[in-house]
Amino acid sequence: MSELDDLYQEVILDHNKSPRNFRAIADADHKAEGYNPLCGDQVTIYLKMENGTIQDISFQGSGCAISKASASLMTAELKGKTAAQAQCLFDSVHQMLTGECDEQKEGQGLGKLTILSGVCKFPARVKCASLAWHTVKSALKGEGAAATTE
Amino acid sequence: MKAAQDTQKPDLCPGLLDVESIRKDFPLLVRRVHGKPLVYFDNGATSQKPHPVIDALNRYYTEENSNIHRGVHYLSELATSLYEEARKKLRRFVNARRLEEIIFVRGTTEAINLVAQSYGRKFLGAGDEIVVSAMEHHSNIVPWQMLCEQVGARLRVIPINHDGELVLDEFRRLLNQRTKFVSITHVSNALGTVVPVKEVVKLAHAGGVPVLLDGAQAVPHLPVDVQEIDCDFYAFSGHKMFGPTGVGVLYGRAELLDKMPPYQGGGDMISLVTFEKTHYNVLPYKFEAGTPNIAGGIGLGAAVDYLAGLDWDQVAAHEKDLLEYATQAITKIDGLRIIGTAKEKAGVISFVLDHVHAHDVGTILDQEGVAVRAGHHCAMPVMQRFGVPATTRASFAFYNTRAEIDVLVGALHRVLKVFG
């Protein structure tokens, strides 16, 4: 497969076309906005927590296929996880996107999220893939300021 | 390009621009990207450099490097005379009346900040109004917002129509007793619109309001004559007109520059310093504190010489052909919409594709060797005006060809295939 095919895999194109959990949560108890000033990608993450566990998670916003698919995959993956598990996944995803590309294929317990590993060959797109993750991190912390990828 | 115009009558039937021979002057154009021949359509961001510019930089650091305006030794005098020679070339390039009206700066952004902070802080106050347009680059918005915060002035915005043209009637309506400054782009970087700047200046001057023009996107495409336009300030960057990065020019009317305080303090901008009082240097040095980008200035002079060697009737005809050819070719693509359809346009095509974000378009085009800009083009209010988050922009220079546009069209079909 070419690098481009690695980037735009079927699963990513599918999540871009029909993003999961693409809605607002009216009674969300955590909410954060993320913004990528480089390209104008914008995302809002909504969280509903119960006993430290993510009971419901959703997102809205506009952006490229990579940022949309990444946010969609993330919401699917984080539902039911604890805040600590979410933080741990954040670190692994971050490592996968920014680390050495050759070390990626070894499973890192990321499951479906490894589909995003093709992004590391496209340094200009890493911020697209990580925006939703930065935003959920800031939502969990309850930080008032908007998350950015800068 | 001025020199060429002064000596030649406009040719009614200009011959074709010899693009193949021009391309040989730009060494970078032959390189490959991702194994494909480079198609460089990101000239609005920065242009490539011809051999004479690269050679001038190389020669300066190899044989001529020294600081200017200070040493009595041979090299210092040589570097000073080369740098001042470049200033003379730039005066001719924009047809300024006087040499001291040409101020070397880092680029358009610094030029606009200079005027906002020097002219603006001295002559504008609470309740005064500054007029910009809805198609400005951030560098012609933010410096004025900063000034507004400092002095309590207010920013007013001339709207644009759906084709991306300035609505002159709205400009007439905005002008009033409180209007103290107008700052507007000559050519829009995001839309390609060529603004009727003579008309804008005439309207502003009727109310005694000075006008700054952001010429960053104009100088690579059009001959500019500041006396004919009659503007008070004209700002442009070297790197978009085939010169080096880190150098640009602020043209200012001497009567205004004389009244303005220095922008930065330091060496070269003074005539006498004591701890009690400092006397500032004369124009243009009053605005040129510190050691400037000497190599850059000399390199920019070389770019001006290069441009003067081209037939600008041929350049204009070639760029018009590229724009028309590209517009026709890409409009045929399913779901593609061009943003910016002004009657008067420079070689810029911004577009959006249904269901495909500009960023994804940019990545796929890049894999085909085609370099474009994807994003908001530092003109977020323009994106908001057209209700799009971002566009893909192909911006042409005189060294581009129809064959390259064919490659772009082929690459766009690959985008559709990926997202089909």
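**Exercise 1.** State how many residues of chain A and of chain B are in contact with each other, and sort those of chain A by type.

*Solution.* In this predicted model, 13 residues of chain A are in contact with 15 residues of chain B. Contact requires that the C-beta atoms of two residues, placed from the backbone, lie within 7 Å. On the chain A side, 9 residues are nonpolar, 3 polar and 1 charged. Here Ala, Val, Leu, Ile, Met, Phe, Trp, Tyr, Cys and Pro count as nonpolar, Asp, Glu, Lys and Arg as charged, and the others, Gly among them, as polar.

Residues are numbered from 1 along each chain as its sequence is written, while chains are lettered from A and ligands numbered from 1 in the order in which they are written. As the model is predicted, local features need pLDDT of at least 70 and side-chain atom pairs count only at pLDDT 80 or more, whereas totals for chains, interfaces and linings use all residues.

**Exercise 2.** Describe the confidence of chain B and of the model.

*Solution.* The average pLDDT (the predictor's confidence in each residue, from 0 to 100) of chain B is 95, and 97% of the residues score at least 70. Residues 1–7 of chain B have a pLDDT below 50; this stretch makes 16 contacts in the model beyond near neighbours in sequence. The model has an ipTM of 0.87 and a pTM of 0.92.

**Exercise 3.** Determine how H3(B) and H11(B) are oriented to each other.

*Solution.* Helices (H or I, at least four residues) and strands (E, at least two) are DSSP runs, numbered from the N terminus. Helix H3 (residues 51–64) and helix H11 (residues 294–308) of chain B have axes that come within 8 Å and cross at roughly 150 degrees. Axes are lines fitted to C-alpha atoms, for helices over the stretch in contact, and angles run from 0 to 180 degrees between N-to-C directions. H3(B) and H11(B) are therefore roughly antiparallel, a word used for angles over 145 degrees. Residues making the contact include Pro52(B) and Tyr60(B) of H3(B) and Ile298(B) and Asp305(B) of H11(B). The contact residues divide into 11 nonpolar, 1 polar and 1 charged.

**Exercise 4.** Give the strand order of the open sheet of 4 strands in chain B, and its edge strands.

*Solution.* The order is E13-E14-E17-E16, with antiparallel pairing; strands pair if DSSP finds at least two bridges between them. The edge strands, E13 (336–339) and E16 (373–375) of chain B, each pair on one side only. E16(B) pairs with strand E17 (residues 391–395) of chain B over 3 bridges. Gly375(B) has Thr391(B) in E17(B) as its bridge partner. Helix H13 (residues 358–367) of chain B packs on the sheet, touching E14, E16 and E17 of chain B.

Conventions
Parallel < 35°, antiparallel > 145°, perpendicular 65-115°, else oblique.
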